Amino acid sequence: MTPPVGLVVVSHSAALAAAAVELAREMAPGELPIEVAAGVADGGLGTDAVAIAGAIGAADTGSGVVVLMDLGSAVLSAELALELLDDPDARDRVLLCPAPLVEGLVVAAVAASGGADRAEVAAEAAGALDGKLAQLAADEPAAPLTVAPEPEPEAPPAPAEQSEIVESFTVALPHGLHARPAARLVALVRELDGSGVRLRNATTGSPWAPATSLARVTTIGALRGHRVEVAASGERAQVVVDAVLDLAARGFDETAAPGAATPEPAPRLPASRPVPAVESPRPGGPLPASPGIAIGPKRADVPAPVVVPDEPGGDPATEQGRLEAAIATVAGEIRDGRDTAARELGPAEAAIFDAHLLLLDDPDVVDEARAAVAAGASASQAWSDATARAAAEFDALPDPYLAARAADVRAVAQQVLRTLVGVPDALDDPGDGPPPVLVAADLTPARAAALDPARVAGVVLAGGSPTAHSAILLRARGVPAVLGAGPAILDVKDGTLLALDGAAGELLVDPEPDTVAAFRDRAAAQAERELEARERSSAPAVTRDGVDVLVGANVGSPADATAAAAAGADLVGLVRTEFLFLDRAAAPDVDEQEAAYRGVATALGGKRITLRTLDVGGDKPLPYLPLPAEANAFLGLRGIRLATAFPELLADQLLAMVRVAHDTPVSVMFPMVATVDELLAARRVLDEAIAREGRGTPPELQVGIMVEVPAAALKAAAFVPHVDFFSIGTNDLTQYTLAAERGNPAVATVADPLDPGVLRLVDAVCRAAGEQVLVAVCGEAAADPLAAQLLIGLGVRELSVAAPAVAGVKQVVREVELAGAVGRAAAALTASGPAEVRG
Ligand code: PEP
Ligand code: MG
């Protein structure tokens, strides 16, 4: 007999889950597998993805598992738990059910114990409120008896309807068009009797929503910087549209909210106004994100939705073939993006592409489309309908995380439709003129990975952050970019000439011909420098006055190591060993680690490699490490703290490093060190590893720490007796010094490594290090030409950067005259802010 479907109860409260299970077992006695993942390790309220993954495993009898969740983050944790499941078959057997927890569990238990299959159990649970609704609605026969998604808004009228007015505004509210401003908008439209007025998020390409429905308006997901289109027809159309635009320009009258930040009016950018270059602080000004100069016509990176031709399908077999071929083509494109992300960013980031691939393989969607084709629909119509239905189902869910999955479905759906219908998107269509400068509110890593520098001159983002993954990918792909340009840039007309300098953070809109000529000269000079840099990439980098500066590469995968060697790196200044540990069910053993580290060493042909011990933690959980949920992961059990909490993990890693160090120069580096005791504890584990290997201390072994915590920088002298080198991680040091989380676009302008506060910490480390201890910088700042000169002036003698930046940084070093750099660095320390430093 087939075993029953398993049930998992995910709740913030262990007591609630236990009571619900008790109730369900009362209704469905017997051997039903019901597992609970509720509360967090310390007994508090919360949910834990690792525990949920464990519960799913325990409940899975092979017949599948239905997961019922309570509110908010329970859904998010359950989603994450699915990603933690190693076995794709096991993952496919799990169904996250949006049913109410208690009622859903009771009916699901009854259905499962009665032998229902997974889909039936979930369907039963989803309809669990019917009984209650029927009872409460007994006196009102007109009330609905089932909870059905809201009907789709009416389709927009065909373009032929001439009286339709469509205008737009850019959302300037810091928290986007959230409930309160949306309510004001809806009230206004209702007041003006604008029953046919509709809104859509033009930035994300959301569906149209009736402007009279608060529930629908909030679903367009209009965030700060997004452009919202307002459409109306009829006699009063202009009046209503004007009133809505006025309300938007007044910041939706949000000033009244106590404690709320003063809303910015929706900005308008005069076509010829230069967006200012860097200032301090830079309110809305552009930030340097990826070096290089780009000049080209603006093109909004908002692909127009594909219009599915209204025609009957051809021969079903032919249409079926077209559908399968389009899906396969898009799957190939997504795999390419994943490979790029895996190479440039690491396996965790590559996982987002897997989510898109899964959608292409989702039987719920693909089988529906196939069935429609078999019934005579065209491939594009069938695919469009099936994916629209799937996206609408996500849309109907209140959880914002799941709503975001709807955008994923639409993005993949459009990609397949473009292939079927033959419509290129903004990236594929080279157009007639010169390559465009793409402008967007923000860019997903997937989009950034897909950019072809031959077809796109540059990128300007209204938001974004220089340390976000999309920015790292833009740098890796050599696409010049500035970001944080402010929402006004989105309103600039397509085709307007833009000129940007991605190293200086300069952006000009519709510049004068003289300015364009000056930019072109600058670009030509840069191209010449790049050529020379490439020719001299493997020569040492020595300043004009004869000071050697090592230029190393940062490596996050075996492929990076090959790239580092080819780029002429003097050494590998940072191996992010996380690549070996993420995305798997168990930690790699000593032999596997040894082989991987040897692979890096072999690629570098005997040059020094700096192996950083595992730097993960609350923000990047590992399925095999039971970590408590942390309210603030960046201040929690990360880096060396995590390693000392799991000494066996550290011991194995250090043993593998010691083995390699007997054959090649190895530096062992500990991340996120804050106290001397942490370092001493880690060094003891290293000594034990050396003893375990039994061959004495490897002669060229060096030991150092990453300086990423301000406290470590300020007391660097205390570490000096115990280290051979310091490597300053400016990415983390900047976020901790300025209390500005890396990757958070809202504080990207604050998180500037050239802030004098950060530079003073670098100075403190260099002064404490003296002649004995080498000071390196391996954060992103090392690749910024201006920062590199200042760092050398402060005393840094090793810069470790992404492989593509190695040649350029060597060239920067060759142009430095140390005496001048020392003077400029000293002046930078007393500057008031990063703008003055750059000035
Ligand atoms: C840093 O923090 O600067 C650094 C190089 O480490 P990671 O970016 O890996 O945190
Ligand atoms: Mg770091």
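This is a predicted model: local features need pLDDT of at least 70, side-chain atom pairs count only at pLDDT 80 or more; totals for chains, interfaces and linings use all residues.
Arg-475 is partly exposed, with a relative accessible area of 21%. Arg-475 forms a salt bridge with Glu-780, in which the closest N and O atoms are 3.0 Å apart. Arg-475 belongs to helix 17 (residues 469-477), whereas Glu-780 sits in the loop between strand 23 (774-777) and helix 28 (785-794), so the bridge ties together parts that are 305 residues apart in sequence. Glu-780 is likewise partly exposed, at a relative accessible area of 26%.

The setting of this pair is a chain of 839 residues, 50% of which are buried. Its secondary structure comprises 31 helices and 24 strands. Of the contacts in the chain with a separation of 6 or more, 70% involve residues 24 or more positions apart. The accessible surface of the chain amounts to about 35,500 Å², and carbon and sulfur atoms account for 56% of that surface.

The bridge between Arg-475 and Glu-780 is one of 30 salt bridges found in a search of the whole structure. Another joins the side chains of Asp-591 and Arg-659, with an N to O distance of 3.1 Å. Asp-591 lies in helix 20 (residues 590-604) and Arg-659 in helix 22 (residues 647-661), so this pair connects parts 68 residues apart in sequence. Arg-659 also forms a salt bridge with Glu-594, where the closest N and O atoms are 2.9 Å apart. Because Glu-594 is in helix 20 and Arg-659 in helix 22, this second bridge ties together parts that are 65 residues apart in sequence. Glu-594 counts as buried, at 16% relative accessibility. Which residues are linked with these in a network of salt bridges? The network consists of Asp-591, Glu-594, Arg-598, Arg-659, Asp-663, Glu-693 and Arg-695.

Attention now turns to the metal site. The magnesium ion (ligand 2) is coordinated by Glu-708, through OE, and by Asp-732, through OD, at distances of 1.9 to 2.0 Å. These two residues come from distant parts of the chain, 24 residues apart: Glu-708 is in the loop between strand 21 (702-707) and helix 24 (710-714), and Asp-732 is in helix 26 (residues 730-738). Are the two residues buried or exposed? Glu-708 is buried, with a relative accessible area of 2%, and Asp-732 also counts as buried, at 2% relative accessibility.

Ligand 1 is surrounded by 13 residues, of which the closest are Arg-576, Glu-708, Gly-729, Asn-731 and Arg-742. An oxygen atom of ligand 1 is 2.9 Å from an N or O atom in the side chain of Glu-708, the residue that also coordinates the magnesium ion. Backbone atoms take part as well. A polar backbone atom of Thr-730 is 3.1 Å from an oxygen atom of ligand 1, and a polar backbone atom of Asn-731 is 2.8 Å from an oxygen atom of ligand 1. The protein covers 95% of the 290 Å² of accessible area that ligand 1 has on its own. Strand 18 (572-576) and helix 26 are the elements that give two or more residues to the shell around ligand 1. Helix 26 gives the most, with 3 residues; Asp-732, one of the magnesium-coordinating residues, lies in this helix.

Two further residues complete the tour. Asp-615 is located in the loop between strand 19 (609-612) and helix 21 (639-645). Although it belongs to a loop, Asp-615 counts as buried, at 7% relative accessibility. The side chains of Asp-615 and Arg-612 are joined by a polar contact of 3.5 Å. Leaving aside residues up to four places away in sequence, Asp-615 touches Glu-578, Arg-638, Gly-639, Pro-671 and Met-672.

Val-239 lies in helix 10 (residues 237-249). Val-239 is partly exposed, with a relative accessible area of 43%. Val-239 and Gly-194 are 45 residues apart along the chain, and their C-alpha atoms are separated by 9.4 Å.

Methods:
Residues are numbered from 1 along each chain as its sequence is written. Chains are lettered from A and ligands numbered from 1 in the order in which they are written. Side-chain values use heavy atoms; hydrogens and water are left out. A salt bridge is a side-chain nitrogen of Lys or Arg within 4 Å of a carboxyl oxygen of Asp or Glu. Helices (H or I, at least four residues) and strands (E, at least two) are DSSP runs, numbered from the N terminus. Buried means under 20% relative accessible area, exposed over 50%, partly exposed in between (1.4 Å probe, protein chains only). Donors are N, O and S atoms within 2.8 Å of the metal (3.2 Å for Na, K and Ca); water is not among the atoms, so sites may look incomplete. Contact means heavy atoms within 4.5 Å. Accessible areas come from the Shrake-Rupley method with a 1.4 Å probe; for residues, only the protein chains shown count as cover. A polar contact is a pair of N or O atoms within 3.5 Å; within protein, one must be able to donate a hydrogen and the other to accept it, and residues adjacent in sequence count only if both atoms are side-chain atoms. A residue is near a molecule or strand if one of its heavy atoms lies within 4 Å of it.
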